[in-house]
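I opened the file to look up a few residues and then the chain as a whole. My notes follow.

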Amino acid sequence: MIGPLITRFAAGLRFPTLFALVGGLFLLDLFIPDMIPFIDEVLLALGTLLLGSLRRRPRGSRPGTPAGSG
């Protein structure tokens, strides 16, 4: 049920394996106690969100040019 949604979302990412790795580390880190609470959880969550926002470039676009400037 959720698997196909995650697979479809990850297919559009530029770095799907890195996104899965950082997301897995974030989930693991939630259950491991640490000295300064929530600092590393916040940093891993921000990193996961950053990687999740990186989409693939459309085909035919050159690096350094905006996607809509064709």
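Entry 1. I am working with a predicted model. I began with Thr48 and found that it sits in helix α3, which spans residues 39-53.

Entry 2. Is Thr48 buried or exposed? I looked up its relative accessibility, which is 14%. Buried means under 20%, so Thr48 counts as buried.

Entry 3. Which residues does Thr48 touch, if I leave out residues up to four places away in sequence? I noted Phe19, Val22, Gly23 and Phe26.

Entry 4. I picked Gly23 from that list of contacts of Thr48. Gly23 belongs to helix α2, residues 16-30. Its relative accessibility is 17%, so Gly23 counts as buried by the under 20% cut-off.

Entry 5. I then checked a distance from Gly23.

Entry 6. I turned to the whole protein chain. How many helices and strands does it have? I recorded 3 helices and 0 strands. Read from the N terminus, the order is α-α-α.

Entry 7. I looked up burial for the chain. It has 70 residues, and 13% of them count as buried.

Entry 8. I looked at contacts between residues at least 6 apart in sequence. Of these, 59% join residues at least 24 apart.

Entry 9. Last, I noted the surface. The protein chain exposes about 5,800 Å². Carbon and sulfur atoms supply 74% of that area.

Methods. Residues numbered from 1 in each chain as written. Predicted model: local features only at pLDDT ≥ 70, side-chain atom pairs only at ≥ 80, totals over all residues. Heavy atoms only, no water. Helix = DSSP H or I, 4+ residues; strand = E, 2+ residues; numbered from the N terminus. Buried < 20%, exposed > 50% of the residue type's maximum accessible area, 1.4 Å probe, protein only. Contact = heavy atoms within 4.5 Å. Areas by Shrake-Rupley, 256 points an atom, 1.4 Å probe, with all protein chains shown as cover.
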